[in-house]
Structures are given as C-alpha cells and as structure tokens.
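Reader: I've got a model open and I'd like to learn how to read its packing and charge pairs. Can you walk me through it?

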Amino acid sequence: MTSEQILAEIREANLTYLMLAQSLIRADKAQALFRLGLPEESADLIEALSPAQIMKIASGSMLLCRFRADDDMVWSLLTQHNLSGRTVNDATTRLHAGIVMAGRYAETIQP
C-alpha cells in the first residue's frame, strides 16, 4: 500500500466511525458511551456535528478511533478458541473479554 492509499483508508475509517458514533449516540446515548468508550462530553460534541463538520474532521490524516482491546489478556480471550486441548466456549470467551473491557471503561470514567 502506498502512503496515499493508507491516508485514503484512514479518512474512510474516520468517516465511517463518526457516522456510526453519531448514529449510536442519537439512538441510545448510555449504550453508545459504553460501546464506544467515550466520555459524555465527547459524545455530546459528536452528536451535535453537522454533516459538513463530520466530513471535515474525517478528512484528517489521524485515525480517530482506537482499539479498546489494548492488553494481552483481552486479545488472548478474543483470539484463542482452543487452549492445549481444552474446549472453550466461544460465546463465553467473548463475554469474558467484554466484561474485562467494561471494567476498564468503568475505571476510565470514575472521577
């Protein structure tokens, strides 16, 4: 991939993320805060953006979203389905990863 292709992909990801975020926030703000891992102030700003503002912000070269699964334990839960012969229920591991990430989210919003 060339630098221009990478920048185009970042812009597309930014636009998709902002549109999804705004839609989630407008549909159910509490759930959106949890799913997106955003503070309420950021959600309020995203909710109020006009389409022109979304396009302008999305056109930057910095990726706006980030991975929330930012530690080895969560990635291990999400990627390892069978550990040394042990059968692991896929739904259970996803649930466990979600619980860990929810705990991390709760830690970040505590005053």
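**Helix, core and charges**

Author: Start with the buried residues of α1: I10, N14, Y17, L18, A21, Q22 and I25. Buried means under 20% relative accessible area, exposed over 50%, partly exposed in between (1.4 Å probe, protein chains only). Helices (H or I, at least four residues) are DSSP runs, numbered from the N terminus. This is a predicted model, where local features need pLDDT of at least 70 and side-chain atom pairs count only at pLDDT 80 or more, while totals for chains, interfaces and linings use all residues. Residues are numbered from 1 along each chain as its sequence is written, and side-chain values use heavy atoms, with hydrogens and water left out.

Reader: What do the buried residues of α1 pack against?

Author: Contact means heavy atoms within 4.5 Å. Here they pack against α2, α3 and α4 (51-58).

Reader: Which residues make up the largest nonpolar core?

Author: A nonpolar core is a set of buried Ala, Val, Leu, Ile, Met, Phe, Trp, Tyr and Cys residues joined through side-chain atoms within 4.5 Å. The largest one has 9 residues: Y17, A21, I25, A32, L33, L36, L38, A43 and I46. Two or more residues each come from α1 (3-27), α2 (29-36) and α3 (40-48).

Reader: How many salt bridges does the structure hold?

Author: A salt bridge puts a side-chain nitrogen of Lys or Arg within 4 Å of a carboxyl oxygen of Asp or Glu. There are 2. K29 pairs with E40 (3.6 Å, N to O); K29 lies in helix α2 and E40 in helix α3, so the pair ties together parts 11 residues apart in sequence. K29 also bridges to D44, with the closest N and O atoms 2.1 Å apart.
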